[in-house]
Amino acid sequence: MNCKQLYMLRRCYSTAEHLKSIGSSKHLDYDIIISGGGMIGSSLACTLSRAPMLQNQKILLIEGAPKKNWKLSNNYSNRVSALNPSTKKLLESVDVWNHIKAARFKPVKQMKVWGSGSVAAVEFDISGNVSSDCIAYIVENDVLLSAIDKELDKSKDKITVIHGSKVKSYQLPTERNQPVTLVMEDGHTYSCSLLLGTDGANSKVRETMGVEYVKWSYGQHAIVANLELQEVSTNDTAWQRFLTTGPVALLPLNNEFSSLVWSTTIDNSKELLKMSDEEFVHALNTALMEPPQKNSLIDVTSYITNIVFKNQYIPRPSGVIPPQIKSVQSGSRAAFPLGFGHSTSYVKPSVALLGDAAHRVHPLAGQGVNLGFGDIECLTRVLSKAVTNGHVINSFSTLKDYEKERLRHNVPTMIAIDLMNKVYSNSNSLLMALGDAAIQLANCLPPVKTLMIKQASS
Ligand SMILES: Cc1cc2nc3c(=O)[nH]c(=O)nc-3n(C[C@H](O)[C@H](O)[C@H](O)COP(=O)(O)OP(=O)(O)OC[C@H]3O[C@@H](n4cnc5c(N)ncnc54)[C@H](O)[C@@H]3O)c2cc1C
C-alpha cells in the first residue's frame with residue numbers, strides 16, 4: 001500500500017470515528033470553532049487552515065469586535081509586541097511574516113537590563129548559541145493582525161470568519177457523543193466537535209469549563225506611549241530598568257522612535273497620564289537616568305561578585321546609558337492593568353484553551369503573546385498527528401497531550417516572570433541586593449544568559 005492509499009484509509013477511518021463520536025444522525029455546523037479573534041485566535045485559524053492533515057476540517061472563527069479596516073500610517077500604534085524567533089518562524093510558515101516585512105517591524109539585536117540600586121547590568125546580544133540573527137522583533141499589534149487577516153482572506157474556502165458578533169454562552173458536552181453548542185448574543189447557535197477558547201484573559205470559555213484559575217493583580221498599570229529619541233541612531237537595543245515601582249522598558253521602533261512600556265503603581269500611572277507631554281518626558285528621563293540609590297547591602301553583594309568573578313566581571317563605571325527621550329507622541333499615552341492568571345487545566349472534553357485565556361503574565365519579559373504562539377504551534381502539531389493516526393479531531397487523549405506539553409513550558413516561564421517582578425518591583429533592601437546580585441551573576445555567566453535567551457525564544 002502506498003502513502004496516498006494509507007492516507008485515504010486513515011481519512012476514512014477518521015471520518016467513521018468522527019461520525020461515531022458525535023452520533024451520525026446529528027449534523028454539526030463546524031468541526032472546529034475558534035472563539036476570540038485576537039492575535040492568538042486569528043493566527044490559530046490561519047495555522048490550522050494551512051496544516052496539510054487538517055484540510056478537511058470545517059473551521060469557524062468568531063470575533064466579538066467589528067473588523068478593522070486598518071491602514072499603515074506614518075504614526076506608529078502604541079500597542080506593540082516583542083515577538084521571539086520561534087513566533088517569527090511560525091508566522092513565516094503561514095506566509096504572514098511576508099506581510100509584516102512589507103509593512104514594518106524592527107529587529108532587536110541587544111537587550112540591556114539594569115536595576116535602580118547599582119550600575120550593574122545584564123546585557124544580551126545575538127552572539128553565543130542563539131540560532132537567530134535577532135533577540136526579538138518589535139511589531140505593532142495592528143500590523144500583525146492585518147497581516148493575518150490578509151492570509152485568512154486567502155483561505156475563505158476553508159475557514160469562515162465572523163466579526164462583530166459575540167458569543168453569549170457555551171454548552172459543553174456532558175456525555176461522549178454530544179457536540180459543543182455556542183449561543184450568540186444575536187440568538188444564532190452553532191455546533192461543533194471541538195471548541196478552541198482564545199477569548200483572552202476574561203475568557204468565558206474558561207469560565208464555562210469550570211476549571212480552577214489562579215490569579216492576582218500586580219497593583220500596577222503599564223503606561224504605553226510612542227517616544228521620539230534625542231539622537232538618531234541604529235536603535236536596535238531594547239532597554240529595561242527595574243525601578244522599585246516596576247520596570248520601565250524602551251522597545252525600538254525605528255532609528256528615531258521607541259515604544260514605551262512603563263509598569264508602575266496605579267497611583268503613579270494616574271499621575272503620569274495627567275501630566276503634560278513635557279512633564280511626562282521629564283519624569284521618564286528621570287526614571288531612566290536617575291543615579292542608583294545608595295544601598296550598603298548592594299555594595300556588599302557587588303564586592304563579593306567582583307571577587308568571585310574577578311576575571312569575568314568588567315565593571316563599567318559609567319553604568320548603563322539609555323537613550324535620552326526628546327518628546328512623546330501626542331495622544332499616544334494609555335494605561336493597561338497588569339495581572340497574573342493561570343488556568344490549572346487547559347483542556348476538557350471537546351474544548352481547549354490557548355493564549356491569554358489560559359495564561360496571563362506581566363509584560364516585563366515580553367512573553368505573553370509568545371507563550372500563546374507556542375500553544376498554537378503545539379496544538380496544530382498534536383491535532384495533525386492525531387488525524388494522521390486516524391483519531392477524531394476532538395480526541396481527549398490528544399487534547400491532554402497538548403496540555404501536558406504546554407504546562408511543562410508555560411509554568412516555569414510564568415513563575416520566573418512573576419518572581420522577577422516580585423524581586424525587582426520592591427524597595428526592600430535585601431530583595432534589591434539579591435536582585436542586583438542576580439543581574440551581576442547572570443552577566444558573568446554566559447551559559448546562564450544563553451539559557452535565559454533560549455527559554456525566552458521558544
Ligand atoms: C502593555 C502590554 C505590553 C505587552 N507586550 C508584550 C510583548 O512585548 N510581547 C508579548 O509576547 N506579549 C506582550 N503582551 C501580552 C499580549 O498583549 C497578550 O498576551 C496578547 O494580546 C493575548 O492575545 P490573545 O489573542 O490571547 O487575547 P486577546 O488579545 O485578549 O484577544 C481575545 C479576543 O477575544 C475576543 N472575545 C472575547 N470574548 C468574546 C466573546 N464572548 N465572543 C467573541 N469574541 C470574544 C476579544 O474581542 C478579543 O479580540 C503585552 C501586554 C500588555 C498589556
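An oxygen atom of the ligand lies 3.0 Å from a polar backbone atom of I40 in this predicted model. The backbone of M39 also takes part, with a polar atom 3.4 Å from an oxygen atom of the ligand. At G64, a backbone N or O atom is 3.0 Å from a nitrogen atom of the ligand. The protein covers 82% of the 1,000 Å² of accessible area that the ligand has on its own.

| Residue | Protein atom | Ligand atom | Distance |
|---|---|---|---|
| M39 | polar backbone atom | oxygen | 3.4 Å |
| I40 | polar backbone atom | oxygen | 3.0 Å |
| G64 | backbone N or O atom | nitrogen | 3.0 Å |

The shell around the ligand is made up of 27 residues, and E63, G64, A82, D356 and V369 are the closest. By class, 13 of the shell residues are polar, nine are nonpolar and five are charged. Two helices, α2 (39–50) and α10 (368–388), each supply at least two residues of this shell. The strands β3 (80–83) and β12 (213–229) likewise contribute at least two residues each.

The second largest pocket holds about 380 Å³ of space. Its lining has 22 residues, of which S86, L90, F373, G374 and E377 are the closest to the centre of the pocket. Which helix gives the most to the lining of the second largest pocket? With seven residues, that helix is α10. Helices α2, α3 (85–93) and α11 (396–424) are also represented in the lining, each by at least two residues. The lining divides into 11 polar, six charged and five nonpolar residues.

Two loop residues call for a note on backbone geometry. Most residues other than glycine have a negative phi. D95 is not a glycine, yet its phi is positive, at about 65 degrees. D95 sits in the loop between α3 and α4 (96–102). N235, also not a glycine, has a positive phi of about 40 degrees. N235 belongs to the loop between β12 and β13 (237–243).

Are these residues buried or exposed? The relative accessible area of D95 is 35%, so D95 counts as partly exposed. For N235 the relative accessible area is 6%, which is under the 20% cut-off, and N235 is therefore buried.

Definitions and conventions:
Residues numbered from 1 in each chain as written. Predicted model: local features only at pLDDT ≥ 70, side-chain atom pairs only at ≥ 80, totals over all residues. Heavy atoms only, no water. Near = heavy atom within 4 Å. Polar contact = N/O pair within 3.5 Å; in protein donor to acceptor, adjacent residues only side chain to side chain. Areas by Shrake-Rupley, 256 points an atom, 1.4 Å probe, with all protein chains shown as cover. Helix = DSSP H or I, 4+ residues; strand = E, 2+ residues; numbered from the N terminus. Nonpolar A, V, L, I, M, F, W, Y, C, P; charged D, E, K, R; others polar. 1 Å grid on protein atoms, 1.4 Å probe; cavity = no way out; pocket = protein on both sides within 12 Å on 5 of 7 lines; lining within 4 Å. Points joined across faces, edges and corners; volume = space filled by probe spheres on them. Buried < 20%, exposed > 50% of the residue type's maximum accessible area, 1.4 Å probe, protein only.
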